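I opened this entry to keep track of what I looked up.

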Amino acid sequence: ISATDQGHFFHFKLNHTKEIDLINRDPKQINEDVVKVDFEDVIAEPDGTHSMDGVWKASYTTFTVSKYWCYRVLSAIFGIPVALLWGFCFACISFCHIWAVMPCIKSYLIETQCLSRIYSLCIHTFCDPLFEALGKIFSSVRVALRKEV
């Protein structure tokens with residue numbers, strides 16, 4: 001393996017096998033306000049409408065434990081397949097952007113630059129002499145304003 005290939009392999013290994021943070025799993029806080037839901041965010045009893053204390057405590061515990069375990073079971077069952085699908089989806093998006101969108105945009109910019117030069121030549125060839133002639137014609141026009149009372 002050449003030094004260049006080893007460098008590419010090392011770069012690949014660094015990007016795809018790096019240590020992940022098992023404590024802070026949302027370092028960019030993309031889900032901070034969206035799915036961070038606690039019991040108090042969903043169920044609240046206003047003053048004058050309170051259930052029995054035991055019911056309130058049991059409801060809190062039931063909500064918290066069921067949410068915790070339901071999420072864990074769903075992520076254990078569907079986490080890897082869904083991660084595979086999203087990885088595939090974003091790979092396809094990246095592929096389309098790199099191999100189709102950017103070349104089309106670059107091609108469009110090259111073509112419009114050519115058309116822009118042609119348009120500019122036409123304007124300078126036909127319009128500039130016309131407007132210069134009109135400017136010379138109207139340059140001798142004098143306007144005088146008088147205020148009569």
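I started with the aromatic rings of this predicted model and counted six aromatic pairs. I looked up one of them, phenylalanine 39 with phenylalanine 63. Next I checked where the two residues sit. Phenylalanine 39 is in helix H2 (residues 39–42) and phenylalanine 63 is in helix H3, so the pair ties together parts 24 residues apart in sequence.

Then I turned to H3 itself, which covers residues 53–138 and has 86 residues. How far apart are its end C-alpha atoms? I found 92 Å, short of the 128 Å that a straight helix would reach at 1.5 Å a residue. I looked for a bend and noted a kink of about 50° at phenylalanine 78, shortly before proline 81.

I also consulted UniProt. Its unreviewed entry places a "transmembrane region" at residues 73–100. In the model, I read that stretch as 100% helix and 0% strand, with its end C-alpha atoms 40 Å apart.

Last, I went through the pockets. The largest pocket has a volume of about 730 Å³. I listed 16 lining residues, and Arg25, Tyr68, Tyr71, Arg72 and Ser75 lie nearest the centre. Sorted by class, this lining has five nonpolar, five polar and six charged residues.

The second largest pocket has a volume of about 300 Å³. Among the residues that line this second pocket I noted Ile20, Asp21, Arg25, Pro27 and Asn31. Which classes make up the lining of the second largest pocket? I wrote down four nonpolar, two polar and four charged residues.

Technical notes
Residues are numbered from 1 along each chain as its sequence is written. This is a predicted model: local features need pLDDT of at least 70, side-chain atom pairs count only at pLDDT 80 or more; totals for chains, interfaces and linings use all residues. Side-chain values use heavy atoms; hydrogens and water are left out. Helices (H or I, at least four residues) and strands (E, at least two) are DSSP runs, numbered from the N terminus. The expected span of a helix is 1.5 Å times one less than its number of residues. The bend at a residue is the angle between axes fitted to the seven residues ending there and the seven starting there. On a 1 Å grid over the protein atoms alone, a cavity is a set of points where a 1.4 Å probe fits but cannot get out, and a pocket is an open set with protein on both sides within 12 Å along at least five of seven lines; lining residues have an atom within 4 Å of a point. Grid points are joined across faces, edges and corners, and a volume is the space filled by probe spheres set on the points. Ala, Val, Leu, Ile, Met, Phe, Trp, Tyr, Cys and Pro count as nonpolar, Asp, Glu, Lys and Arg as charged, and the others, Gly among them, as polar. UniProt positions are given in the numbering used here, feature names are shortened, and annotations may be inferred rather than shown by experiment. Rings of Phe, Tyr and Trp (its six-membered ring) pair if their centres lie within 6.5 Å; planes under 30 degrees apart count as stacked, over 60 as edge-to-face and the rest as tilted.
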